[in-house]
Amino acid sequence: MKVTKSGKSKHRQLQNEGYLQIVSAEQKEYVKVCEPARMIKTDITNTNKQTGGLLELILARDNLNIAYRRVKRKKGAGGIDRMKVDELLPYLRENREELIQSIRDGKYRPKPVRRVEIPKEGGKSRKLGIPTVVDRLIQQAISQILTPIFEKQFSNNSFGFRPGKSAHDALKKCKTNITEGYRYVVDMDLEKYFDSVNQSKLVQILSETIKDGRVISLIHKFLRAGIMAGGMFEESRKGVPQGGPLSPLLGNIMLNECDRELERRGHRFVRYADDMMIFCKSRKAAQRTLEHMLPYIQKKLFLKVNQEKTQTAYIGKVKYLGYGFYVYRREGRLKVHPESIGKLKEKIRKVTGRSNGMGIEERKARLNQVTRGWVNYFKLADMKSLLIEMDKWTRSRIRMVTWKRWKRVRTRFENLKRAGLKEEMAWMWANTRKGYWRTAHSPILTKVLSNKRFKHVGYFSFMECYSAK
């Protein structure tokens, strides 16, 4: 790449070459910045060549173009410097040559990540680290080059954050294992995996494949960049901060060592990121496998296993990626785990709550989003009867919140009369003293706010979404 020192020439070069073009597709949700970048195949890297000149591939114009577009598309919040994604292009127009040269010279220093805590179930939280947008760009560029190199090494039993693989693929593999008689599992739980990765071990594993020391050094700098939490700097001597585009790939590279060991020992397993299940034919075999694998994971990979959550169990007693399992006519089948049903109901309760400040259209849009997204994820499960019940329950929630919204007697009377009730009946029900939930199940309100009416105004049905899949 030719270095141009003239600001005007540099700007012209950007326009002529189409470098770092603006894209219009942007996601608005703040939490999206905390999600790992989707692993996408790229043909920029020739994986058959030596990896000694990787830094030049990372800093190539085309690779940086793609990286910029993906960072731009992800949108998200800024890091500790508060630079927004929309400000990245102007910054690069002025500083790209200096930025690239500093990386080549080994002088580039990533900024500490900004600590954000995302609430989890049980009152716990997941700690995420948001890099600056410039650091995200560089991490994305690194990930695009390294992904096709390491993809050749990854196991076919690993499905998380990989191109062309998904959680549904992992679940289908589980079904296959169960059908073939592997009905006891080691449900392995790695304690705070991303926060406890041994960086020295990770760098050692990377060095076995990456022969360009400059790239190893750059990745190590990102690992040791530190964390800003509450205005205070914290060193990051261990772990891979979740939130950057490079984190999912590094996590897979580390756990690929465990995958190799399991394959060497002839075990059947399925891994999605750090969620792993090892399939066995008996409870004793599962217990023996756990006892043999624990020393390897803890002493060789230096990872922590949560002894309380790690268990050996019959397949019908475990939860994996939100699903449950059962056997029907010797075939492995999928169902929705009861905990996932509880979480869905809690989401619907929040959306259909009277005090959430939502208007009618916003509530409908949010409810449809929950319905369609949930069915799309759990479409592999056998759940027709469940969805029929969920539709009944959800419509009752909508009727209840609608009745609450018609809180004045006069408003209720007018709406009931407008819906076709006789004036005497409408007045009687407008003055009812029954509770909201009981009224929502009454024949009158069921008739006024019928299923046909819900469909007409645009509410989605769980069953209809499922049937359309």
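This is a tour of one structure, stop by stop, with what to select and what is there.

**Before starting**

The model is predicted, so local features need pLDDT of at least 70 and side-chain atom pairs count only at pLDDT 80 or more, while totals for chains, interfaces and linings use all residues. Residues are numbered from 1 along each chain as its sequence is written, and side-chain values use heavy atoms, with hydrogens and water left out.

**The whole chain**

Helices (H or I, at least four residues) and strands (E, at least two) are DSSP runs, numbered from the N terminus. Of the 469 residues, 49% count as buried; buried means under 20% relative accessible area, exposed over 50%, and partly exposed in between, with a 1.4 Å probe and protein chains only. Among contacts with a separation of 6 or more, 75% are between residues 24 or more positions apart. Contact means heavy atoms within 4.5 Å.

**The open sheet**

Next, select strand S2 (125-130) and strand S5 (232-234). Both belong to an open sheet of four strands in the order S2-S1-S4-S5, with mixed pairing. S2 and S5 stand at the edges with a single partner strand each, so one side of each has no neighbour in the sheet. Two strands pair if DSSP finds at least two bridges between them. From one strand to the next, the twist averages 40°.

Pick Val116 and its bridge partner in S2, Leu128.

**Strand S3 and its partners**

Move to strand S3 (184-189). Six bridges join S3 to strand S7 (residues 275-280), and the two run antiparallel.

**Two loop residues**

Select Lys192, in the loop between S3 and helix H7 (193-196). Lys192 is not a glycine, yet has a positive phi of about 45°. It counts as exposed because its relative accessibility is 61%.

Then go to Phe302, in the loop between helix H11 (283-300) and strand S8 (311-314). Phe302 also has a positive phi, near 60°, in a residue other than glycine. Its relative accessible area of 43% makes Phe302 partly exposed.

**Helices H8 and H9**

Select residues 199-209 (helix H8) and 213-223 (helix H9), whose axes come within 11 Å and cross at roughly 160°. That makes H8 roughly antiparallel to H9. Axes are lines fitted to C-alpha atoms, for helices over the stretch in contact, and angles run from 0 to 180 degrees between N-to-C directions. Angles under 35 degrees count as roughly parallel, over 145 as roughly antiparallel, 65 to 115 as roughly perpendicular and the rest as oblique.

Show the side chains of Gln199, Leu202, Val203, Leu206 and Ser207 in H8, which meet Ile216, Ile219, His220 and Leu223 in H9. By class, this contact has six nonpolar, three polar and no charged residues. Ala, Val, Leu, Ile, Met, Phe, Trp, Tyr, Cys and Pro count as nonpolar, Asp, Glu, Lys and Arg as charged, and the others, Gly among them, as polar.

**Helices H5 and H10**

Finish with helix H5 (residues 133-151) and helix H10 (residues 247-264), which pack at an angle of about 35° with their axes 9 Å apart. In H5, Gln139, Ser143, Leu146, Thr147 and Phe150 meet Ser247, Leu249 and Ile253 in H10. The residues of this contact divide into four nonpolar, four polar and no charged.
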